[in-house]
Every structure is written in C-alpha cells, then in structure tokens.
Amino acid sequence: MSTHDADVVIVGGGPVGLMCAYLGRVSGLRTVVLDQSEGPVQVGRADALNARSLQLLETVGLFNDLYKLGKTCNTSSVFSGGQFISRQSKWWDELEGCFHKHFLMLGQTHLEHLLDQKIRETGEAVRRSSTVVDISVSRQGCVTTLANGEVIRSKYVIGADGSRSFVRELFQVGFEVVRPQIVWAVIDGVIESDFPKVPDIIVFQADTSDVAWIPREGNIDRFYVRMDTKDFSFDQALTKINRAVYPYRLRFQEIQWQSQFTVKESVAEKFSVLDRVFLAGDACHVHSVNGGQGLNTGLGDAFNLMWKLGQVENFGVSSELLKTYEGERKPIALGVVETSGELVRSTKHSATGTHAQDYVKIVERRSGYVTGMGVRYGDQGISGSRLHDLEIYQAVRKTRLYSLLDYSRFTLLAFTDQELELKLPPFVNLIQVRSRQGAGEYWTENPVYANQFVLVRPDSYIESVTPAGVAPVENHLSS
Ligand SMILES: Cc1cc2nc3c(=O)[nH]c(=O)nc-3n(C[C@H](O)[C@H](O)[C@H](O)COP(=O)(O)OP(=O)(O)OC[C@H]3O[C@@H](n4cnc5c(N)ncnc54)[C@H](O)[C@@H]3O)c2cc1C
C-alpha cells in the first residue's frame, strides 16, 4: 500500500473527468485521474461540440487540434417522402459575439485522446485500470481507496464517473430517474444511398419522426432510430431508416459502431458534499441525446468548477465560492433535461402529425441550450452572461478576444484609450484594448464594450462591467 498526495482526485477519465484534470493542471492544481477502463473510448458516443464548447476550448488551447478533425454543421433539414420540406439555421446564424456559429461534428474519442495526451504531457498520466472502491470525506479533505488497496489523500474529489456514478451512490446523493420508454438505436458507419444527401442534420417525417441522420467526421454518417423497445435487431433499425428515406434506398457498406441508448432523465439532488466532493458530467445529469447536449453540458461543468478550486487553493479565496458551482450548474442541468425531454417526446407525439417540423421548431425555441450560447449564470443583466468574442488587432495582426483569455485567472479587459495605473490582485490579468491602432497594443473598432472595464471570469462569463475611468473595478475585486 502506498500513499499519494494531490489537490484533486478525479474519479472517471471520460471526457468530463479528463477535462477537469486538464483544467486543473492549467490552474496549477495537482490532479490525479483514475479510470477503471484501459483507455479512451475508441468509437461512438457523443458526436457534436456546440458553439460554446468551441469557444471554451479556444481559451485553453484545445481548439486548433480538434477543429481540423471535424465537420461543421448548423443546419437542420426536414424531408418527407423523399422530398425536401424545409431548412433552418437561423438560430445559429443570428448568434452574436461568436465566430463559430455551428456544431463541430466530431466523435467523443477525439476529445478524449487529445485530453489524455495533454494530461500525460503536463504531469502524471491518467491512471488506467484503477477502480475506486471507497472515498471518505471530512472538512479537512478526502481519502480515496482503490481496488488494489492503494490510498490517495487529496483536498477534493470529483466524481466524473458517468451515469451510474459510484461516487454519487456512495454519498447517497438523490438521483430520481424518469424513464420515458424511449430507446434509440445508434449506428455509425459508411453508407451507400441514392438519397439526395445534404450536409445537414436531417429529420424525417414519416408516420412519426423516428429517424435522424447526422453528419460525422471523415466518411462516417450517424443514424439515430427510435425503437421504443430494447429488443430490436439491426435489420429492424435499417428497415426504419429505409422507410424514412423512401423512395430512395440506403445500405451500410461498413458499420463502425452500433449501440442502443435508453433514455433516462435525472438531475442529482446536489452537486457537492461538504464542498469537498463534487459531481460533474453524466454523474449529475442524464437525458436523451436530442440536441447533443450531454457532453457539452459536462464540459460546462468542468469549466465552471476547476477555476473555482484554483482560486481557493492558489489565491486564498473563500471556499464559499465553491457553493456557486451547484448554484450555477444545477439550473443549467435542469434546463438541458427539459430541452432534450421536449425534443425526444416530440418525435413520438404530435397534435398535428407534423413531428419533424415540430422538432425543428423546438430546437429553435430552445436554441440557447442547443448552441450552448444561451447558458448564463443569473437571470438577467450583463453579469453572468457570456463574454462576446471580438476581432482584436495587435498592430496589424488580427486575432480574437477569446484567444487572449487565460483560464487560470480573471481578465480585466480595459476598453479604453486612457493611460491606466491599476493595482490589481495576482489573480487578475489586465488587457487593455484601445479604439485605435497603436504600437504593439491591442485595439478594436468593435464598439460593444467601448469605454468600459469588463471583468471576465476564467470561464469567460462576465463578472462585472463598469464605465472606464471609474474606480469600482478595484473595489469589486477586493470585495
Ligand atoms: C449512444 C450514445 C450517444 C450519445 N450521443 C451524444 C451526443 O450526440 N451528444 C452529446 O453531447 N452526448 C452524447 N452522449 C452522451 C455522452 O457520451 C456523455 O454525456 C459523456 O460521455 C459524459 O461524459 P462523462 O465523462 O461525464 O462520463 P463517461 O463518459 O461515462 O465517463 C465516466 C468514466 O468513469 C469511469 N468510471 C466509472 N466508475 C468508476 C470507478 N468506480 N472507478 C474508476 N473509474 C470509474 C468509466 O470507466 C468512464 O471512463 C451519448 C452517449 C451515448 C451512450
């Protein structure tokens, strides 16, 4: 038996646990990731990163590696009887303050592999084939026990161990599950078809709307087929696909992955225990795949949580800050469950028999969740809203605001031409953005934040805005 000290032990090396570990490292925390599996998933599962996830990935240097691997898609099309009915991308096109107005269609495996590699490069690699069997927690910290008897002492534990979370059950966190009796067949593969294919997400109106065709990276396409029973064969799913694309035909030349996804809906009663153990990702929220929100919501959890742990550990900020994790993320999880729940039920029930059209209208109405761009903390006002991304220049070099942000610190964006003499605490970076080109300085002609000090949280949400030239920024930081 050996001992090991860490700031944060992360149970689960799925995409959310890996992201927590990576962000922890970026924030200067000693993180250890334990996963019972032998490696990242190789195929299947989540297939889309939304616009907000893409922005967040950019702030931590993960965007470029992933973006080139995926396909962009921001359009939902409806087909019926082989005929094109309608196409919609309005809710993406109208997004403000964002340069990637689309999903990046990319399998979860790519994100997992990249994070796995980054974690190896920045310290101890993910500890695979490591099953956690016990955790004890006190006000002083946590003790995690592995199946091989090893014990790890840490200040915090994160349960990112998936929908059947051992951590959640160990601490008896309520997780009441609703089962709407809907099962999806999910098939990834290389297809052959005479259907007049479009590079969109396609929903089909037949008797109901039980087939969705999703573009994927490379030469792969994905189909979600609503089966309503767990006992189905691949041929039955293929029959439904062919009924949807009729009068065209479709066959799989190669199947990369097939699975079934039984819809369960739940949000954990609480997201933390004693402000020492935290739940993130599927461990604290599960729902249908509709709207592609599972992985994206889990990533949002990771980005919300890790900077707070960093602030408490590295800058002596009060641990009261940690309570805001549940306060901010639980309402988002409830909204996501409601959104995917409305979407999935609409594939089955429609008062007018226009399931596919209804579906697209719900996506439009709930687009804030689907794009991720409507997620905000607090009900109104600029505080708690996402920072808009802008084109920024350094002399003549064009860049974007989000590429300047630093996840390990707050950023005070001073959109002013005044000369500044600010004394800021060590957890705040100052970036001055002028309104005109100057020698080597950042500048923008975009007026959205002109003459304002915008204090930005590490996760790129706005903490506060004050008119430039007024002192309260410093007051705000010290409070
Ligand atoms: C068929 C299917 C399709 C999906 N499609 C989409 C989609 O289109 N869009 C979307 O956003 N999401 C989708 N999802 C959901 C998405 O895959 C999940 O939301 C995502 O994987 C959640 O990540 P996670 O890290 O929270 O949990 P997981 O990926 O489940 O990872 C949990 C990890 O914890 C480990 N673990 C568990 N218990 C222990 C233990 N005691 N000790 C050590 N390790 C442990 C497991 O080995 C696992 O690696 C889909 C899921 C499925 C199954």
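**Exercise 1. State which domains the chain of this predicted model is divided into, and describe the side of domain 1 that touches domain 2.**

Solution.
1. Domain 1 covers 3-70 + 102-176 + 265-371, and domain 2 covers 391-478.
2. Between the C-alpha centres of the two domains the distance is 29 Å.
3. The contact involves 15 residues from domain 1 and 11 residues from domain 2; two residues count as in contact if their C-beta atoms lie within 7 Å.
4. On the side of domain 1, at least two residues each come from α1 (15-26), α2 (51-59) and α8 (294-315). Helix α8 gives the largest share, six residues.
5. By type, this side of domain 1 has seven nonpolar residues, seven polar and one charged.

**Exercise 2. Find the buried residues of helix α10 and the elements they pack against.**

Solution.
1. A residue is taken as buried if 20 or more other C-beta atoms lie within 10 Å of its own.
2. Within α10 (residues 355-365), that gives His 355, Ala 356, Asp 358, Tyr 359, Val 360 and Val 363.
3. Residues three or four places apart in an α-helix point the same way, because a turn has 3.6 residues.
4. The packing partners of these buried residues are the strands β5 (76-80), β6 (83-88) and β12 (201-205), and the helices α9 (323-346) and α11 (367-371).

**Exercise 3. Work out how strand β10 pairs with β9 and with β18.**

Solution.
1. β10 (residues 151-159) pairs with β9 (residues 141-146) in the antiparallel sense, over four bridges. Here Ile 152 of β10 stands opposite Thr 144.
2. The hairpin of β9 and β10 has four residues between its strands, and Gly 149 in this hairpin has a positive phi near 95 degrees.
3. β10 and β18 (residues 277-279) run parallel and are joined by three bridges. Phe 278 in β18 is the bridge partner of Ile 158.

Methods. Residues are numbered from 1 along each chain as its sequence is written. This is a predicted model: local features need pLDDT of at least 70, side-chain atom pairs count only at pLDDT 80 or more; totals for chains, interfaces and linings use all residues. Domain bounds come from an automatic or database domain assignment. Ala, Val, Leu, Ile, Met, Phe, Trp, Tyr, Cys and Pro count as nonpolar, Asp, Glu, Lys and Arg as charged, and the others, Gly among them, as polar. A residue is buried if 20 or more other C-beta atoms lie within 10 Å of its own, exposed if 12 or fewer, and partly exposed in between; C-beta atoms are placed from the backbone. Two strands pair if DSSP finds at least two bridges between them.
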